[in-house]
Amino acid sequence: MKKLLSLLLVALMFVSVAQAQQDPEATKILNAMSQKYRSMKAFKADFAQTLENPSAKVKETMNGSITVSGEKYRLGVSGQEIISDGKTLYTFLKDANEVTITESDEEAEAMAPSKIFDMYKKGYKYAYAGTETVGGVKHDVVELAPEDRKNPIYKVRLYISQKDKTLKSWQMFRNNGNRYTYTISNFEANPALATDAFTFNKAKYKGVSVVDLR
């Protein structure tokens, strides 16, 4: 589950450009996207993740949902939930009816959903790759790549709506031949949230086993 979370969040951070200088047009688009999300108190969305590897004849799709408010987030996919209040991380496995509680570490903090729309500002190159119409909606396409050539993710292609500056989908390319496509749906800005939206309420999980590693 942590690997999935990392893939989901890291996917937003990279560029496919070979040139050393940043593209002013891409910078303008990414800054507008970042500002869009930073202006929200919270947001929630559904997403689909498709893994493809043509040479291995693999194609798998998983659906999930995510809710974010500041440093706090709740991610659900394939019968699992990861909940963070910014300091404590809860990982719940539905099949095992078990929750593991840990403190957020430095790596987890760096990958927090609250920061993903700003991470392009340091350590990455990016360039504008034109426009593309998807489902009748025009999108700006920006390609990113890490400056660290040892990174197993060598390219990410972002599709950002020209209309509302939100990220609609992205593709992530890895050196092992895997390609991940993420598509956002049912996006909702500033939703009403329950008071326990970012905590693990044991009362709602009858008979749950708690493993506290703090």
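Start with the whole protein chain, shown as a surface. The protein chain exposes about 11700 Å², and carbon and sulfur atoms supply 48% of that area. This is a predicted model. Of the 214 residues in the protein chain, 45% are buried.

Now switch to a cartoon view. The protein chain has three helices and 12 strands. Consider the contacts in the protein chain with a separation of 6 or more: residues 24 or more positions apart account for 54% of them.

Next, select residues 43–53, which form strand S1, and find Ala-48 within it. Which residues does Ala-48 touch, not counting residues up to four places away in sequence? Show Thr-61, Met-62 and Asn-63, then Thr-181, Tyr-182 and Thr-183: these are its contacts. Ala-48 and Val-77 are 29 residues apart in sequence, and their C-alpha atoms are 9.5 Å apart in space.

Move on to the loop between S1 and strand S2 (58–69), and select Lys-57 there. Lys-57 is not a glycine, although its phi is positive, at about 55°. Is Lys-57 buried or exposed? Lys-57 has a relative accessible area of 78%, and exposed means over 50%, so Lys-57 counts as exposed.

For the last stop, go to the loop between strand S3 (72–77) and strand S4 (80–84), and select Ser-78. Ser-78 is a residue other than glycine with a positive phi, near 50°. Its relative accessible area is 47%.

Note on methods:
Residues are numbered from 1 along each chain as its sequence is written. This is a predicted model: local features need pLDDT of at least 70, side-chain atom pairs count only at pLDDT 80 or more; totals for chains, interfaces and linings use all residues. Side-chain values use heavy atoms; hydrogens and water are left out. Helices (H or I, at least four residues) and strands (E, at least two) are DSSP runs, numbered from the N terminus. Buried means under 20% relative accessible area, exposed over 50%, partly exposed in between (1.4 Å probe, protein chains only). Contact means heavy atoms within 4.5 Å. Accessible areas come from the Shrake-Rupley method with a 1.4 Å probe; for residues, only the protein chains shown count as cover.
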